[in-house]
Amino acid sequence: MDRYQNVVRFSSYGHSHIESVHVTRAINSTDPISFFMGTASGTAGGEKNPAFTVLDFDAEYMVPMNTHTYYLDLAEANMNSTLNPGAVPQWRKQHDLLSEYDMKDLSPASMNDFITRMYNDGDLEAKYMWNNYRRAGPKPKPSLHNQGIKCLVTSEIYEEKDCHG
């Protein structure tokens with residue numbers, strides 16, 4: 001990523017059943033150079049609600065401008081279908097990254113700042129974790145200095161594995 005950061009503008013992957021963000025740093029510095037996002041999965045995957053993510057891109061520079069995640073509350077949908085068999089499940093907007101996490105943009109520097117803020121703010125980290133699991137089940141309890149959050153910023157995969165121990 002370091003070598004081709006001017007070409008590769010954004011990375012995304014799916015089917016992880018959680019929504020997550022990760023920042024890639026330059027190899028020879030701590031400068032954030034890229035970020036990638038695991039987007040929500042259309043399947044429930046255990047205790048999670050199904051969801052999908054829509055990304056807004058700048059047409060000229062092909063960089064992400066914002067993301068919008070929508071989810072289906074399975075408990076509510078199942079209850080409604082029992083009470084009213086003809087009920088249509090309702091997809092709701094869960095969040096967009098910029099407003100949910102008070103971010104100015106989705107630049108690598110802003111994503112790095114967001115992860116640093118989460119590491120130092122238990123309430124923000126709990127919100128992120130609850131959104132990761134698409135607001136299914138109880139809200140996570142806030143925790144400070146979660147090592148897993150710190151490991152969202154690495155230069156390469158072996159550094160991330162070392163970070164997790």
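Strands β2 and β3 pair in the antiparallel sense over six bridges, where helices (H or I, at least four residues) and strands (E, at least two) are DSSP runs numbered from the N terminus, and two strands are taken to pair if DSSP finds at least two bridges between them. The model is a predicted one, in which local features need pLDDT of at least 70 and side-chain atom pairs count only at pLDDT 80 or more, whereas totals for chains, interfaces and linings use all residues. Residues are numbered from 1 along each chain as its sequence is written, and side-chain values use heavy atoms, with hydrogens and water left out.

Within the pairing of β2 with β3, R25 stands opposite P32 of β3, and the two strands form a hairpin with six residues between them. T30 is found in this loop, between β2 (20–25) and β3 (32–38), and T30 is exposed, with a relative accessible area of 57%; here buried means under 20% relative accessible area, exposed over 50%, and partly exposed in between, for a 1.4 Å probe and protein chains only. The C-alpha atoms of T30 and V54, which are 24 residues apart along the chain, are separated by 30 Å.

The burial of β2 contrasts with the exposure of T30. Six of the six residues of β2 are buried, so the strand is largely enclosed by the rest of the structure. S20, H22 and T24 point one way from β2, while V21, V23 and R25 point the other way, and all are buried.

A second hairpin is formed by β4 and β5, with six residues between them, and M62 in its turn has a positive phi of about 55°. Strand β4 (residues 51–57) is joined to strand β5 (residues 64–72) by seven bridges, and the two run antiparallel. T53 has T69 as its bridge partner in β5. T69, which is found in strand β5, is buried, with a relative accessible area of 0%. Leaving aside neighbours within four places in sequence, T69 is in contact (heavy atoms within 4.5 Å) with E19, A40, A51, F52, T53, R92, K93, Q94 and H95. The C-alpha atoms of T69 and E125, 56 residues apart along the chain, are separated by 18 Å.

In the loop between β3 and β4 lies K48, a residue that is buried, with a relative accessible area of 14%. Residues up to four places away in sequence not being counted, K48 touches H17, I18, L74, Y133, R134 and A136.

Most residues other than glycine have a negative phi. Against this background, D102 has a positive phi of about 50° although it is not a glycine. D102 lies in the loop between α2 (97–100) and α3 (108–120) and is exposed, with a relative accessible area of 66%. H145, likewise not a glycine, has a positive phi of about 55°; H145 is found in the loop between α4 (122–132) and α5 (147–150) and is partly exposed, with a relative accessible area of 43%.

Taken as a whole, the protein contains six helices and seven strands, and from the N terminus on, the elements run β-β-β-β-β-α-β-α-α-α-α-β-α. With 165 residues, a compact globule would have a radius of gyration near 15 Å, and the 17 Å of the protein agrees with this; the radius is taken over C-alpha atoms, and the globule rule is 2.2 Å times the number of residues to the power 0.38. Along the principal axes, the C-alpha atoms fill a box of roughly 60 × 40 × 25 Å. Buried residues make up 38% of the 165 residues, and residues 24 or more positions apart account for 52% of the contacts with a separation of 6 or more. The mean positions of the 15 positive and 21 negative charges are 3 Å apart, where Lys and Arg count as positive and Asp and Glu as negative, His and the chain ends not being counted, and where the place of a charge is NZ of Lys, CZ of Arg, CG of Asp or CD of Glu.
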